[in-house]
Amino acid sequence: MAETPLVGIIMGSTSDWETMRHAADVLAELGVPHETKVVSAHRTPQRLYDYATDAAGRGLKVVIAGAGGAAHLPGMTASMTHLPVLGVPVESKALKGMDSLLSIAQMPGGIPVGTLAIGKPGAINAGLLAVAILATSDAALAERLQTWRARQTDSVASDPE
């Protein structure tokens with residue numbers, strides 16, 4: 001039997017997967033069970049409602065929500081769950097993700113969304129931030145995260161050539 005997912009990765013459309021797969025890759029590398037779903041705030045509002053309101057009851061601890069354009073998915077999700085929601089602005093064609101970034105970052109007081117960078121770096125960091133949140137109550141995961149970060153540090157050359 002598969003482990004119960006601890007992190008939910010949701011996105012507004014299948015085209016967002018190219019960005020959001022990087023969060024899934026980080027979670028997989030660090031051994032964190034997760035799920036991925038397409039949940040559009042605009043086109044599938046009932047699916048969003050059901051997902052967000054049932055997330056904690058299904059065992060999720062963190063939700064990573066990627067969205068482009070108007071980018072309502074992270075904020076709407078956060079409004080319907082007490083779980084931490086991490087928003088990843090997906091790069092849009094029209095405004096290169098600045099529209100998404102501002103939409104996610106400008107949440108009203110009382111409905112927080114942790115907002116990451118635009119695109120792939122944001123998705124990677126959302127995965128790492130979800131791991132860090134979970135690691136506060138999981139010593140083995142904290143050790144895996146520390147090892148991952150040490151490998152990253154060790155991979156940085158000290159000389160330019």
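Which hand does the crossing of α5 and α6 have, left-handed or right-handed? The crossing is left-handed, where left-handed means that the near helix is turned anticlockwise from the far one by less than a right angle, and right-handed means clockwise. This is a predicted model, in which local features need pLDDT of at least 70, side-chain atom pairs count only at pLDDT 80 or more, and totals for chains, interfaces and linings use all residues. Residues are numbered from 1 along each chain as its sequence is written, and side-chain values use heavy atoms, with hydrogens and water left out.

**α5 and α6**

- The axes of α5 and helix α6 (residues 139–154) come within 8 Å and cross at roughly 140°; axes are lines fitted to C-alpha atoms, for helices over the stretch in contact, with angles from 0 to 180 degrees between N-to-C directions.
- Helices (H or I, at least four residues) and strands (E, at least two) are DSSP runs, numbered from the N terminus.
- That angle makes α5 oblique to α6, because angles under 35 degrees count as roughly parallel, over 145 as roughly antiparallel, 65 to 115 as roughly perpendicular and the rest as oblique.
- On the α5 side, L128, V131, A132, L134 and A135 meet L141, A142, L145 and W148 of α6, contact being heavy atoms within 4.5 Å.
- By type, that contact has nine nonpolar residues, no polar and no charged; Ala, Val, Leu, Ile, Met, Phe, Trp, Tyr, Cys and Pro count as nonpolar, Asp, Glu, Lys and Arg as charged, and the others, Gly among them, as polar.

**α1 and α5**

- Helix α1 (residues 17–29) packs on helix α5 (residues 120–135) at about 30°, and their axes lie 7 Å apart.
- So α1 runs roughly parallel to α5.
- The crossing of α1 and α5 is right-handed.
- Residues in the contact include M20, A23 and L27 from α1 and A123, I124 and L128 from α5.
- Nine nonpolar, three polar and one charged residue make up the contact of α1 with α5.

- The largest pocket holds about 250 Å³ of space. A pocket here is an open set of points on a 1 Å grid over the protein atoms alone, where a 1.4 Å probe fits, with protein on both sides within 12 Å along at least five of seven lines. Grid points are joined across faces, edges and corners, and the volume is the space filled by probe spheres set on the points.
- Its lining has 17 residues, and G12, S13, D16, R43 and G68 are the closest to the centre; lining residues have an atom within 4 Å of a point.
- S13 is in the loop between β1 (7–11) and α1.
- Leaving out residues up to four places away in sequence, S13 touches V38 and R43.
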